[in-house]
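Welcome, and thanks for taking a look at this model. Please open the sequence and the 3D view side by side, and follow along with the short tour below.

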Amino acid sequence: DTNRKLVVGNWKMHGSHVANAELLQGVLAARPFGCDVAVCAPFPYLSEVAVTLAGSPLLWGAQDCSAHEQGAYTGEVSAAMLAEFGCRYVIVGHSERRAYHAESDQLVADKAKAALARGITPIVCVGETLAQREAGETATVVKRQLSVVIHALTHCIGEIVVAYEPVWAIGTGRTATPEQAQEVHALLRAQLAAATPHAAQMKLLYGGSVKPDNADSLFAQPDIDGGLIGGAALKAADFVAIVRAAG
Ligand code: PEP
């Protein structure tokens, strides 16, 4: 169903055996879901999450993958490895990776390509910093970030998920207003429409301090098809409330 929204939890570097089990049970208790729902856990927990969620409507993903197929890349995890045990999504180009691991637009595009080649849907993150927004560069920055991905993926571009995550809103408690988010989403949708006939069906997620009390107004925007949720994805009650707001 192309109208179904998508809500993805990004656990970042949080969790433990006990905490994950409790969180997943709390989310599973909210079934059935009225939207597509996924959680992106740290690598060491993925196989365990896969077992816990097998046969359930709660999907799972990774927070990163290598751009390379295999080889001498110590510490990296390939899309093939993730695909081997059922990974559905992978976040690529999260602003924390762009900032702390110097990931370039081209590397992010290559990672998205590597994921798609293994049947995993990349959730490609784009977003401007506060300084860029204040300098009036928001549109230029997000369009540049997306254009490199469009160029790399060509005819497959319709298969990705895009997450607009203004850097100044991530983990800060400062959310973009629904109007600010919609404005950027509309720009991104138009850019995608110039590249693929599937743009209208693509999922464009908003991320950046989405909470139960602001999810409704964000999800009501015409070009916001769901959310990428950080902090609020770590508490089952909050995450479930956001899932409910999405459908
Ligand atoms: C994120 O890191 O993807 C995110 C949106 O984080 P938060 O919800 O905590 O702002």
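A residue counts as buried if 20 or more other C-beta atoms lie within 10 Å of its own, as exposed if 12 or fewer do, and as partly exposed in between. Ala199 has 17 other C-beta atoms within 10 Å, so Ala199 is partly exposed. Please keep in mind that this is a predicted model.

- Let us begin with strand E2, which spans residues 36-40 and is mostly covered, with five of its five residues buried.
- In a regular strand, side chains alternate between the two faces of the sheet.
- On one side of E2 sit Asp36, Ala38 and Cys40, on the other Val37 and Val39, and all of these are buried.
- E2 pairs in the parallel sense with strand E1, residues 6-10, over five bridges.
- Within that pairing, Gly9 has Val39 of E2 as its bridge partner.
- Together with helix H1, residues 17-28, strands E1 and E2 make a right-handed β-α-β unit.
- E2 also pairs with strand E3, residues 58-62, again in the parallel sense, this time over four bridges.
- Here Val37 stands opposite Leu58 in E3.
- From E2 the chain crosses through helix H2, residues 46-53, to E3, and this β-α-β crossover is right-handed.

**Strand E4 and its neighbours**

- Which residues of strand E4 point one way, and which the other? Tyr89 and Ile91 point one way from E4 (residues 89-92), Val90 and Val92 point the other way, and all are buried.
- E3 and E4 pair in the parallel sense over two bridges.
- Ala62 has Val90 as its bridge partner in E4.
- The chain passes from E3 through helix H3, residues 79-84, to E4, and this β-α-β crossover is right-handed.
- E4 also runs parallel to strand E5, residues 121-126, and four bridges join the two.
- Ile91 finds its bridge partner in E5 at Ile123.

**The nonpolar core**

- In soluble globular proteins, nonpolar side chains tend to be buried together.
- The largest nonpolar core in this model has 77 residues.
- Those with the most contacts inside this core are Val8, Val90, Ile123, Val124, Val162, Tyr164 and Ile242.
- Leaving aside residues up to four places away in sequence, Val90 touches Gly61, Ala62, Asp64, Cys65, Ala79, Leu82, Ala115, Ile120, Pro122 and Ile123.

**Around the ligand**

- Which of the 13 residues around the ligand come nearest? They are Ile170, Gly171, Gly207, Gly230 and Gly231.
- The shell of residues around the ligand divides into five nonpolar, seven polar and one charged.

**Backbone features to look for**

- Most residues other than glycine have a negative phi, and most peptide bonds are trans.
- Lys12 is not a glycine, yet has a positive phi of about 50°.
- You will find Lys12 in the loop between E1 and H1. Lys12 counts as partly exposed because 18 C-beta neighbours lie inside 10 Å.
- Ser209, also a residue other than glycine, has a positive phi near 55°.
- Ser209 belongs to the loop between strand E7 (204-207) and helix H9 (212-219). Is Ser209 buried or exposed? Ser209 is buried, because 20 other C-beta atoms lie within 10 Å.
- Arg31 and Pro32 are joined by a cis peptide bond, with omega about 0°.
- Pro32 has its place in the loop between H1 and E2.

**Two alanines to visit**

- Not counting residues up to four places away in sequence, Ala199 touches Arg189, Leu192 and Ala193.
- Ala199 and Val124 are 75 residues apart along the chain, and their C-alpha atoms are separated by 15 Å.
- Ala19 is found in helix H1. With 13 other C-beta atoms within 10 Å, Ala19 is partly exposed.
- How many residues apart in sequence are Ala19 and Leu234? They are 215 residues apart in sequence and 9.0 Å apart in space, C-alpha to C-alpha.

Note on methods:
Residues numbered from 1 in each chain as written. Predicted model: local features only at pLDDT ≥ 70, side-chain atom pairs only at ≥ 80, totals over all residues. Pairing = 2+ DSSP bridges. Right-handed = clockwise from strand over helix to strand, strands pointing away. Near = placed C-beta within 6 Å. Nonpolar A, V, L, I, M, F, W, Y, C, P; charged D, E, K, R; others polar. Core = buried A, V, L, I, M, F, W, Y, C linked by C-beta atoms within 7 Å. Contact = placed C-beta atoms within 7 Å.
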